[in-house]
Amino acid sequence: MNAVGIDVSKGKSMVCVMRPFGEVVLEPFEVLHTAQSLNDLAGKLKALDGETRVVMEATGNYHKPVAFVLHDAGLFVSVVNPVLIHDYDNNSLRRVKTDRKDAVKIANYTLDKWTRLRQYLPEDDTRLALKNCYRQYQQAVAVRTMLKNNLISSLDLTFPDANKLFSSPAKSNGCEKWVDFIGDFWHSECVSSLSSDAFAKKYLKWCQKHGYNFTRSKSDTIYACAVNAASLPKSPTSKLLIQQQVAQLKAVSQSVAAFQQEMLRLSQQLPEFDTVMEMYGVGPSLGPQLMAEIGDVSRFTHKGAITAFAGVDPGVNESGSYEQKSVPTSKRGSSDLRKTLFQVMDVLIKTHPQDDPVYQFLDKKRAQKKPYYVYMTAGANKFLRIYYGRVKEYLASLPES
């Protein structure tokens, strides 16, 4: 048996091959992430006598080309959580971390866990594209939030509380009414310098131009806010800053909307789409996010595996006659999935569907005076178990292709 430990990094990897009782077959050596080098590595590993198993850590996108090439060459490949490698065999007082040491450590891990290694299976193109799109969506949302907060801060000097004047939902392209409004009426004097009737006529033309509904009461509300606003005098610099911030925010918001639409399109191609969308609290935004982060549920052997992956599995702490009643969850899984699950729980709490089992469970925990994070995490755990059961049952009912 040949245990291959690969310490993956950007652009290159360190490889070590060992056999039982500490026999080193191949001293740690470096492999570049080029097509030729990875194919040569696959050929070298396949030429070894006996069964060969390859283990590497899940390291973002870096490990994927290596795992794919070796798997495609017919080798047994297992991709494990870095936490498992980090916590393995830490029985030395010396703190030594090098690529060579890590490759040896992973090879030893492979020997110890030989019979329990799970084989890596490449994701299909649709799921891979959905996950990549979701990653870009998260980045764009973070940038949008930063730009929005920056714009609101700048408005405190030119048109305070202008962002609170409108409650219209964002358009399908991501544009928001208050952002469009500020792009043209960037200072309170752009409104207050006119009469109420003159602004109403101008606001009507603006609404017709941008496709928004017009009401005279809203016009009067905007005018009153502008008249009472305490702002700095108008200046070309302020105008430049506000309008540039608006342009940046609109561009990123359109990117967010485009990512959302693409995620929905990709998720509609997955077999479990209808089953997931039928679950209460899941919509065209949260549904694709769940499917992107969970992936193929068939890779989880039982319900406990998927809750551990999300980091919402209940902890256990007992010794002798002592048993701790309330133990924090591990939080070692996907933080992105936990965030999405909490958003689903928030939808359930706000809409309180009385016939939904997850909401009933949440309401029960709240009635017991459980802390916020306790009942939210417990609800996320229950929701994820139901998700796993329904999706796996549906996939099992499909005819084999």
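Leaving aside neighbours within four places in sequence, which residues is Leu157 in contact with?

Reply: Happy to! One thing to keep in mind from the outset is that this is a predicted model. Leaving aside neighbours within four places in sequence, Leu157 is in contact with Ser231 and Leu232. You will find Leu157 in helix α5, which covers residues 125-158. With a relative accessibility of 47%, Leu157 counts as partly exposed. There is also a pairing across the sequence to look for: Leu157 and His187 are 30 residues apart in sequence, and their C-alpha atoms are 8.7 Å apart in space.

Now let's turn to α10, which runs over residues 236-267. Helix α10 is the place of Gln245, and this residue counts as buried at 10% relative accessibility. Not counting residues up to four places away in sequence, Gln245 touches Asn150, Leu151 and Ser154. With Asn150 there is a polar contact of 3.4 Å, made between the two side chains.

Follow the chain past α10 and you come to the loop between α10 and α11 (273-277), where Glu272 lies. Is Glu272 buried or exposed? Glu272 is buried, with a relative accessible area of 1%. Its side chain is joined to that of Arg127 by a polar contact of 2.9 Å. Apart from neighbours within four places in sequence, the residues in contact with Glu272 are Arg127, Met291, Gly295, Val391, Tyr394 and Leu395.

Two of those names lead us to α12 and its end. Helix α12 spans residues 286-294 and is mostly covered, with nine of its nine residues buried. What lies over them?

In α13, which takes in residues 303-310, the buried residues include Ala305, Ile306, Thr307 and Ala310. The buried residues of α13 pack against α12, α14 and α16. Just after α13 comes Gly311, which takes a positive phi of about 75°.

Two packed helices are described by the angle between their axes and the distance between the axes. Let's begin with α14 (residues 335-351) and α16, which pack at an angle of about 105° with their axes 9 Å apart. Angles of 65 to 115 degrees count as roughly perpendicular, so α14 and α16 are roughly perpendicular to each other. On the α14 side, the contact is made by Leu341, Phe342, Val344, Met345, Asp346 and Ile349. On the α16 side, the partners are Tyr373, Tyr375, Met376, Thr377, Gly379, Ala380, Phe383 and Leu384. Sorted by class, this contact has 11 nonpolar, two polar and one charged residues.

Between α14 and α15 there is a loop that holds His352. Although His352 is not a glycine, it has a positive phi of about 35°. At 42% relative accessibility, His352 counts as partly exposed.

Next comes the pair α15 (residues 357-367) and α16 (residues 372-397), packed at an angle of about 160° with their axes 9 Å apart. Angles over 145 degrees count as roughly antiparallel, so that is how α15 and α16 lie to each other. Their crossing is right-handed. From α15, the residues that meet α16 are Pro357, Val358, Phe361, Leu362, Lys365 and Arg366. Their partners in α16 are Tyr375, Met376, Ala378, Gly379, Lys382, Phe383 and Ile386. By class, the contact of α15 with α16 has nine nonpolar, one polar and three charged residues.

Our last stop is the loop between α15 and α16, where you will find Lys369. Lys369 is not a glycine, yet it has a positive phi of about 65°. Lys369 is exposed, with a relative accessible area of 74%.

Notes: Residues numbered from 1 in each chain as written. Predicted model: local features only at pLDDT ≥ 70, side-chain atom pairs only at ≥ 80, totals over all residues. Heavy atoms only, no water. Axes fitted to C-alpha atoms, helices over the stretch in contact; angles between N-to-C directions. Helix = DSSP H or I, 4+ residues; strand = E, 2+ residues; numbered from the N terminus. Parallel < 35°, antiparallel > 145°, perpendicular 65-115°, else oblique. Left-handed = near helix turned anticlockwise from the far one by under 90°. Contact = heavy atoms within 4.5 Å. Nonpolar A, V, L, I, M, F, W, Y, C, P; charged D, E, K, R; others polar. Buried < 20%, exposed > 50% of the residue type's maximum accessible area, 1.4 Å probe, protein only. Polar contact = N/O pair within 3.5 Å; in protein donor to acceptor, adjacent residues only side chain to side chain.
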